[in-house]
Amino acid sequence: MHTLKRKFMMDFHTHCNYSPDSDTPMEDMIMAAIQIGITDLAFTDHVDIDADIDNYPQDWDFDRNAFEKDIFSMQEKYQEKINIYQGLEVGVQPHLIEKNAEIVKGNQYDFVIASLHSVEKRDLYHKKFFEHHNDIEAVQIYYTELEKSLRKPMDFSVLGHLDLYLRYKPELKNVAAKHYDDIVHVIFKKIIEDGKGIELNAGGFRYGLNQNNPGMTLLKLYKEMKGEVITLGSDAHSPKYLGSNYKENCELLKSIGFKYVTTFKKMKPVFHKL
Ligand SMILES: [Zn+2]
Ligand SMILES: [Zn+2]
């Protein structure tokens, strides 16, 4: 890995056209990332089995070997300009633990995001899940299903966009923390003990949320519980959003007391002073 002369700037949550919801070629994302000053860029394309999203295939998957080959060739081509990482965003659900573990073992990933996009096999994006539960229940079940999805080992680096449900049903912000605190404690305790972390995902701003995912309550709780591992990602599916809210989010993390942000190389954390 080259030490680049430019000031460190990371984006560890991006998608290109290996994901069904992006049509941007990998190289276009890389060139745009270099332009805006990103030094460390991870592609985290989607594998989401039983995603159950209308108008999309049931399973989101792609040619992961071709992706790896592209990543390796881009790493070489752009090594003087940017550090590129092979990542993956895996959709977790309790019944997928073994299957996801196999997928993650299949290639040489640097970084894996574990994200809960579908709850009780109903997708959040098209709000099917919310039709079946009142607000308190919906939030409780979301975290319970996430906790269940982490009970057996699966090699991942961070939990993706905690409180994702707010993007699709912002009113759930009114559900008081006391209704889901216990279960989030269990989740944070487990990931902290396992040396895993969370991400700060700027995508919420594009959903008119005026916050990242997760928001302040969970970030502060994670810090209070001595969580140290935190990555920054835009969740960009096109060049326009690469690195979004980066500076603001570094400041935000500092204001909460975080001293470092984290990148991952071959699934091992590397800490960068904020
Ligand atoms: Zn996601
Ligand atoms: Zn994503």
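UniProt positions are given here in the numbering of this structure, and the annotations of that record may be inferred rather than shown by experiment.

View 1. The structure is a predicted model, and an unreviewed UniProt entry annotates residues 11–202 as "domain: PHP".

**View 2. The packing of helices α4 and α6.** Helix α4, formed by residues 135–148, packs against helix α6, formed by residues 181–193, at an angle of about 25 degrees and with 9 Å between their axes. Because angles under 35 degrees count as roughly parallel, α4 and α6 are therefore described as roughly parallel to each other. Their crossing is left-handed. On the side of α4 the contact is made by Tyr143, Thr144, Leu146 and Glu147, and on the side of α6 by Ile183, Val184, Val186 and Ile187. Sorted by class, the residues in this contact of α4 with α6 are 6 nonpolar, 1 polar and 1 charged.

View 3. Distant parts of the chain are linked by the pair of glutamate 89, in strand β3 (residues 83–91), and histidine 161, in the loop between β7 (158–159) and α5 (165–168), which are 72 residues apart.

**View 4. The bridge between two zinc ions.** The zinc ion (ligand 1) and the zinc ion (ligand 2) lie 3.4 Å apart and are bridged by glutamate 89.

Technical notes. Residues are numbered from 1 along each chain as its sequence is written. Chains are lettered from A and ligands numbered from 1 in the order in which they are written. This is a predicted model: local features need pLDDT of at least 70, side-chain atom pairs count only at pLDDT 80 or more; totals for chains, interfaces and linings use all residues. Side-chain values use heavy atoms; hydrogens and water are left out. Axes are lines fitted to C-alpha atoms, for helices over the stretch in contact, and angles run from 0 to 180 degrees between N-to-C directions. Helices (H or I, at least four residues) and strands (E, at least two) are DSSP runs, numbered from the N terminus. Angles under 35 degrees count as roughly parallel, over 145 as roughly antiparallel, 65 to 115 as roughly perpendicular and the rest as oblique. A crossing is left-handed if the near helix is turned anticlockwise from the far one by less than a right angle, and right-handed if clockwise. Contact means heavy atoms within 4.5 Å. Ala, Val, Leu, Ile, Met, Phe, Trp, Tyr, Cys and Pro count as nonpolar, Asp, Glu, Lys and Arg as charged, and the others, Gly among them, as polar. Donors are N, O and S atoms within 2.8 Å of the metal (3.2 Å for Na, K and Ca); water is not among the atoms, so sites may look incomplete.
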